[in-house]
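Student: I would like to take a close look at one part of this structure. Could you please guide me through a single residue and its surroundings, and then through the parts of the fold that lie beyond?

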Amino acid sequence: MSDSKYEYRKFVIGGIALLIVITYSIRLAYLQLMCEDYRVFADSNAFLNNVIFPARGVIYDRNGDLLVYNQPAYDIMVVMREVENLDTLDFCSTLDITKDEFIQRMNNIKDRNKNPGYSSYTHQIFMGQIRSREFSVFQEKLFRFKGFYLRERNVRRYTYPNAAHLLGDVAEVSPRDIERDGYYAPGDYIGKQGVESSYETDLRGVKGVQVLLRDAHGRIQGHYKNGAYDRRPIPGRNLTLSIDMNLQRLGERLMEGKMGAIVAIEPATGEVLAMVSAPNYDPRLMEGKERSRRLTEMFKDPMKPMLNRAITGTYPPGSTFKTSQGLTFLQEGIITDKTLYPCSHGFRFGRLKVGCHGHPAPLPLIPAIATSCNGYFCWGLYYMLGNRKKYPTVQQAMTTWKDYMVSMGFGYRLGIDMPGEARGMIPNANFYDKVYRQNWSALNIISISIGQGEVTLTPLQIANLGATIANRGYYITPHVVKHVEGGKLADSLLYKHVVPVDKRYYETVVSGMRGAVIGGTCRGANNPWYEVCGKTGTAQNRGHDHSVFMGFAPKDKPQIAIAVYVENGGWGATYGVPIGALMMEQYIRGELSEASERRAQSIQGRHIIYN
């Protein structure tokens, strides 16, 4: 009986011992295989992974002019666990910071809300982009500050004070950036706006690493296994933009003291030659440690200099939109080029009246475009939406109209290779069914035929309309990057969009736009060197009207299509036409004549007062 009792105890004690062994084995396996902190701690005792940042790709304009380049800079890094016996007074004096600033920075590093993924065993950024003077002094004293290191990197520099919205800038990654892409770590930099953002994965390159071996005292002993596990950084790819910087700089000159945008496109390729948003800012303001403060100041500015009006601003296109209406009415058989419509100082139907300036009437399509007749296009939409033989309901007629507008690049994003593009507004039948409870006709919405009412476009879309007409019926997706070193553009940027309107109808509209320059509303764009085709717009606004111009040149072998939009600029001929004419002259001839330069200086000096 006694033997069986001890036999039972033997199994219990053996079971307890086995359970202890299994528990410790599982815990050991977890620490070694699963626990990231333990692995980092173990590795950090023996190894130091020194990250080497690649050179970010540089950016050129279409003529090979360097726009954005790199300059060496240094970050001060800290491994918190290694900091000991630090002479805080000497440290702060060396970096010209206060003790309070030092404490705040160290606390921010340890705050996991501000610094997700913090580990006391790994390098953390203490101060970024220190000045060369600070670097020299700090490097001499580095041996005194155990746990602190210097890390070399590149920072962006900008050759010109131009094209800030287009180029964008580079700034430190946010927690969201790190969460979205595992490539980044706290203290890394990422493109925040413009092509710096949209081509980030091309520009950034691939980080390298040096695996360094440390002794028991933390001193560097050299490369682990003679550098067998080191990786060299791969430089980022260089970009060649489609932008002509001389043209861009002229556009920014002409838009000084104004709000609005200029977009110029090469019709045959869809390459954007200039993209001006006014007011603008010097991209060099985004360099260095003052970026955050300056960014805050510009966001508070009521003129909104950070807003890229060229692709984000949505405006009524005004009379530039009439060209799209003429094409639609011709293709749908609502009119021919000989169809006459009356204009008694505008469109009149019962009590409804849409005003117009004085010109001969009735008139056919070509002079209607040349003189920018409101009445003609109002009657065209009236007869299209009211044609029950062709369209059983007004909703079906409206859907047909909307489909033509979408095919011309309106109502949706064109897909430019930049962030922030707006889609504008093209109303459809469902929209008006809700507004008018399905009881509506052309008379309720007649203003959309002249680019007013609910219709809004971006300056990019207006310029793209000019490119489509210049090409006689198609456009290539507008894009600002011409070439990626060692890569290629996305297929979507080279796609040819064909509008379902016969080429012969485009020739009719081109004749009307040429007539506008010879003897119509765009006479200020005429010149002796090449044939310009244009269309003005005076877009109604709650305050002063907006001044708009859309055109292209030369007429038969177009090199440039352009849209100019000046907020509160008045008549299209006041600002839109002369600015557009000067931009086309600069690009086609490579320079401005003496008379044109005087004209440019005059426009540059005319500022608009905005409330």
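Predicted model: local features only at pLDDT ≥ 70, side-chain atom pairs only at ≥ 80, totals over all residues.

Tutor: When its neighbours within four places in sequence are set aside, Leu 414 touches Gly 409, Glu 421, Leu 460, Gln 461, Asn 464, Tyr 475, Thr 477 and Pro 478. Leu 414 itself is placed in the loop between helix H15, residues 394-407, and H16. Its relative accessible area is 9%, and because buried means under 20%, Leu 414 counts as buried. As for distance across the model, Leu 414 and Ile 76 are separated by 338 residues in sequence and by 44 Å in space, from C-alpha to C-alpha.

Gln 438 belongs to the loop between helix H16 (429-436) and helix H17 (459-470). With a relative accessibility of 59%, Gln 438 is exposed, since the cut-off for that class is over 50%. The backbone of Gln 438 also deserves attention: its phi is near 65 degrees, a positive value in a residue other than glycine. His 345 likewise has a positive phi, near 55 degrees, and is not a glycine. His 345 sits in the loop between H12 and strand E13, residues 346-349.

Two peptide bonds are also to be noted. Ala 278 and Pro 279 are joined by a cis peptide bond, with omega about 0 degrees. Pro 279 is in the loop that runs between strand E12 (271-278) and helix H11 (291-300). A cis bond also leads from Ala 361 to Pro 362, where omega is near -5 degrees. Pro 362 lies in the loop between strand E14 (352-355) and helix H13 (365-371).

We now turn to strands. Strands of a sheet pair through backbone hydrogen bonds, in a parallel or an antiparallel manner. Strand E12 belongs to an open sheet of 5 strands, ordered E12-E11-E20-E19-E18, with antiparallel pairing. At the edges stand E12 and strand E18 (533-539), each of which pairs on one side only. On average, neighbouring strands of this sheet are turned by 5 degrees against each other, direction ignored. E18 and strand E19, residues 546-553, are antiparallel and are joined by 7 bridges. Within this pair, Gly 537 is opposite Val 548 in E19. H18 packs on the sheet, where it touches E18 and E19, and its direction makes about 75 degrees with that of E18.

H18 has a helical partner as well. Two packed helices are described by the angle between their axes and the distance between the axes. Helix H12 (residues 322-331) and helix H18 (residues 503-519) pack at about 145 degrees, and their axes are 9 Å apart. Their crossing is right-handed. On the H12 side, Thr 323, Leu 327, Leu 330 and Gln 331 take part, and they meet Tyr 505, Tyr 506, Thr 508, Val 509 and Met 513 of H18. The residues of this contact comprise 6 nonpolar, 3 polar and no charged.

Finally, consider strand E4, residues 124-130. Because 7 of its 7 residues are buried, E4 is largely enclosed by the rest of the structure. Strand E3 (residues 66-78) pairs with E4 in the antiparallel sense over 4 bridges. In this pairing, Met 77 stands opposite Ile 125 in E4.

Technical notes. Residues numbered from 1 in each chain as written. Heavy atoms only, no water. Axes fitted to C-alpha atoms, helices over the stretch in contact; angles between N-to-C directions. Helix = DSSP H or I, 4+ residues; strand = E, 2+ residues; numbered from the N terminus. Left-handed = near helix turned anticlockwise from the far one by under 90°. Contact = heavy atoms within 4.5 Å. Nonpolar A, V, L, I, M, F, W, Y, C, P; charged D, E, K, R; others polar. Buried < 20%, exposed > 50% of the residue type's maximum accessible area, 1.4 Å probe, protein only. Pairing = 2+ DSSP bridges.
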